[in-house]
Amino acid sequence: MAKRIDATNVTAYYGSFKAIENINLTVEPKTVTALIGPSGCGKSTFLRSINRMHEVLPGARVEGDLTIDGQNIYDRDVDVTAVRRTIGMVFQRPNPFPTMSIFENVVAGLRLNGLRKKSVLNEAAERALRAANLWDEVKDRLGKPGAGLSGGQQQRLCIARTIAVEPQVVLMDEPCSALDPISTLAIEDLMFQLKDKFTIIIVTHNMQQAARVSDRTAFFSIEKTGDPGRLIEYDNTQKIFSNPTQKKTEDYITGRFG
Amino acid sequence: MTTTIANQHPRPPAQPPSLRAKRLPRYAAPAIALAAVVVAAAIVYGAGIGGPVLVVVLAALLHLAGLFAASNAVEGRRSARNRTWSALIHSAFVLAALPLASVVWTLVSKGVERLDGDFFGTSMNNIGARDPNGGAYHAIVGTLEQVGIAALITVPLGILCAIYVVEYGRGRFAFAIRFFVDVMTGIPSIVAGLFVLAFWVLVVSPVFNDGRPGFSGFAAALALSVLMLPTVVRSTEEMLRLVPAPLREGAYALGVPKWKTILRVVLPTALPGIVTGVMLAVARAAGETAPVLLVAGGGAAINFNPFEDNQSSLALFVYQQAGDASRYAPARAWTAALTLVALVLVLTVAAKLLARRNRLGR
């Protein structure tokens, strides 16, 4: 069910500022793709334009084509909520809904989209929490507030919430940057399991993490501050980290720059 | 120059800085306070220049000075400053709480006289200057109906307006709305009353009333809504802005439409603050006298129908009784004032409890 994503000449703006320019990239189904690069190079912007979260900010817009299994998600007649249900997203900081319990958080996407049946919700919540490796830790306190969990648990709760709506693609925007090493490991393990069902694209500042979890890696960079970010190199992760074609990529991964 | 440095004697190893410092004993502050009171009393009564108020003021000043001097001598300058500022901040709290305590005490002590069944069960209908009984039943009914209708009008309108400004409004139109809401905040209540008098009572109400203009509780509710609306809009706006953007994005990323995100995620998160803002507006409206006098006319009889004939309100009742020549009137005014404060307090507590029930226990 996982989908293939094609980006063709994707350019994104914040008002008049061009954040990324002419990104061309294809993501195969059921793979993990890592986006790496120095701060401000537009990898998060690109990630957010894949499920049309970029345009949530005032003045932000995207040009170019982004197709998911041949369907351009930026066509006029595309329902943006359907796009986001198909392409879920996990954010840098865990953001459970503070007024909802753990259970309500997990099924929020289903409930707020009109699903009412208690038995279906219960089943979906258990499935999602198990998939997120959180079930055993929270099964006895599903009625407690989601904000009362630890940071790592909250992030896994947010992953459970995302996969409960059964998306085909999961975008992760530095999902481990606010977490301790053990929680990070838990989430990396999770990514391996999720790969069987979902296409995963992850933005990370941690190159070891990119090397560990991803099949393919895309390196983004900017010439200088104020310039738009560009895709420098996109290849198999092993190739990028052992024998990159571009000088810039090599400089970045060896730590000589950025 | 390097040679001179090389020729210097090796420095003695630096003493580890001590973490201990001299402190005033625990009893110092109360002792200084006591001494200040004694000295102040001696000065004031010895010279015969004032009463207990001057003693308290002088004692406070002496206490500050004494505390600073003592602390400066024993503990050093930083500690002395810390103690003085702490004492000043505590005094500021006492000064701020003093009027509140005074108001509550005055209301309770003077209002308790007529706190009886008659007061809550009867109106002022057919009560003459020599009748000791009579009550505020009609005024309580009026206040509840007028404020209730005003809240029914302003709460949905105000919250929707704030949602528009925060979540949807872009550019000039939203800016204009915010500006005029700010301007509305400054409208004096008498002007709101005059507006409703000119607009509703004189122009619109004759249409429903065989061509004759008529006072009504509803007109008072309209005037009160003019006063409540800006408070509700502004406080709701502030509360909505406090809801972190990642929460909205989290909901959008689940494919939840914007309107549902606002309804099910943003509003519940901001609810306790919104309730506080609404209760502030209700408290303000319940205490307004002028608009009720202008457009509801006041009255001595019980009138349950807010759409027809005169109505009174608690604030108006206080105003009228306080100015009444009857010797039984002042007691009624005090009790009505106590009732008004208690009513607002009960409503506020009830609303807060309701809002908290929606939140999960930690």
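Modeller: Let's begin with contacts, meaning residue pairs whose C-beta atoms, placed from the backbone, lie within 7 Å. Of those in chain A between residues at least 6 apart in sequence, 68% join residues at least 24 apart. This is a predicted model, where local features need pLDDT of at least 70 and side-chain atom pairs count only at pLDDT 80 or more, while totals for chains, interfaces and linings use all residues. Residues are numbered from 1 along each chain as its sequence is written, and chains are lettered from A and ligands numbered from 1 in the order in which they are written.

Chain A has 11 helices and 10 strands (DSSP runs numbered from the N terminus: H or I of at least four residues for helices, E of at least two for strands). Now to the sheet: 6 strands form an open sheet in the order 6-7-8-3-9-10, with mixed pairing (strands pair if DSSP finds at least two bridges between them). Strand 6 (87-90) and strand 10 (230-236) of chain A stand at the edges with a single partner strand each, so one side of each has no neighbour in the sheet. On average, neighbouring strands of this sheet are turned by 20 degrees against each other, direction ignored.

Helix 7 (residues 151-164) of chain A lies across strand 6 and strand 7 (169-173), running at about 175 degrees to strand 6. For such angles, axes are lines fitted to C-alpha atoms, for helices over the stretch in contact, and values run from 0 to 180 degrees between N-to-C directions.

Methods
Two residues are in contact if their C-beta atoms, placed from the backbone, lie within 7 Å.
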